[in-house]
Amino acid sequence: MNSPISIAIHGGAGTILREQMSDSLKAAILSDLESAVRAGHRLLAAGGDALDAAVAAVKVLEDSPHFNAGKGSVLTHKEFVEMDASVMHGARCDAGAVAGVRHIKNPVELARSVMQQSDHVLLIGEGAEAFAFEHGYAYTEQDYFFTERRYEQLQSMKEKGMFALSESRYPDDNKYGTVGAVALDAHGNLAAATSTGGITNKKYGRVGDSALIGAGTYAENGVVAVSTTGMGEYFIRKTVAVDVAARMRYLKESVQQASDSIIQGELKALGGEGGLIALDAHGQVHFAMNSSGMYRASIDATGHVCVKIYADE
């Protein structure tokens, strides 16, 4: 008997305010979210693997300028784009990740290649790109990733002597635009994928939770798939993604209980803001956030499509 199929995506969580969101921007973001979740669901409906579906969904978001991943990535202090991504397949807990890549159009694809075509889990910087080019990836100039709003955002942060955990004045001042997807395929496989451009005005080669298995990404068949978004340092300290799985495995909590316990409890108590998407082995989707919004979408086991932005929706 086939498993139900289900998929959920996110495009970042944080202070997303209605009064700072224009109608045109809202429409564009909702369109991107729906396109992404449908891209992944089409693969699942055709009998495809959960990881391929998650990667397909994330690629749509990486190709959009509206999110802090791929094309829309923020700029570092030296005015470069440096991107991180990770993937995990729940069947054997295989995983792959990259950090600090500058010339790869879709880092989430490279993370999958690290998982499937190397003996490693995490590759960084020049080494990750050398691996990519050996495996047929095209060299993408930094100009592809450059957007005027990201440049303006960087200059604003430099003037203030600050760094920003993603967005600044677009559409608000405190929004974390990491993207991710979780999927359940007809064979019962769970998978997760996460991708980010990091933080504006980043120095010192900082890496957040999106590249780290167990912090930003986790998947285990029969249990859960998780992708997180928010203040990465806090998600690393609390190993949020794997903690959801542990609560479900050992405490027998539901996906909702486990997710909310962490996001509304220990993470929030530390001062960590953000959210996560989680999908259990039965196709039950849950979005958890302690912020005013999270760009998100899902197609559940019944085929119902849901696309939302604000926490009170």
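**Helix packing and salt bridges, in conversation**

Colleague: Let's start with the pair Glu253 and Arg247: are they buried or exposed?
Modeller: Keep in mind that this is a predicted model. Glu253 forms a salt bridge with Arg247, with the closest N and O atoms 3.8 Å apart. As for accessibility, Glu253 and Arg247 are both buried.

Colleague: Which residues make up the network that Glu253 and Arg247 belong to?
Modeller: Some salt bridges here share partners, and that joins residues into one network. Its members are Lys238, Asp243, Arg247, Glu253 and Glu266.

Colleague: How do helix H3 and helix H4 sit against each other?
Modeller: H3 covers residues 107–117 and H4 covers residues 125–134, and their axes are 11 Å apart. The angle between them is about 75°. Angles of 65 to 115 degrees count as roughly perpendicular, so H3 is roughly perpendicular to H4.

Colleague: Where in the chain are Arg206 and Glu233, and how far apart in sequence are the parts they tie together?
Modeller: Arg206 and Glu233 form a salt bridge, with the closest N and O atoms 2.8 Å apart. Arg206 lies in the loop between strand E7 and E8, while Glu233 is in helix H6, so the pair ties together parts separated in sequence by 27 residues.

Colleague: And is Ile124 buried or exposed?
Modeller: Ile124 is found in strand E4. Along with Val121 and Leu122, Ile124 forms a nonpolar patch on the surface. Exposed means over 50% relative accessible area, and Ile124 has 57%, so Ile124 is exposed.

Technical notes:
Residues are numbered from 1 along each chain as its sequence is written. This is a predicted model: local features need pLDDT of at least 70, side-chain atom pairs count only at pLDDT 80 or more; totals for chains, interfaces and linings use all residues. Side-chain values use heavy atoms; hydrogens and water are left out. Patches are made of residues with over 30% relative accessible area and no salt bridge: like charges are joined within 9 Å, nonpolar side chains (Val, Leu, Ile, Met, Phe, Trp, Tyr) within 5 Å. Accessible areas come from the Shrake-Rupley method with a 1.4 Å probe; for residues, only the protein chains shown count as cover. A salt bridge is a side-chain nitrogen of Lys or Arg within 4 Å of a carboxyl oxygen of Asp or Glu. Helices (H or I, at least four residues) and strands (E, at least two) are DSSP runs, numbered from the N terminus. Buried means under 20% relative accessible area, exposed over 50%, partly exposed in between (1.4 Å probe, protein chains only). Axes are lines fitted to C-alpha atoms, for helices over the stretch in contact, and angles run from 0 to 180 degrees between N-to-C directions. Angles under 35 degrees count as roughly parallel, over 145 as roughly antiparallel, 65 to 115 as roughly perpendicular and the rest as oblique.
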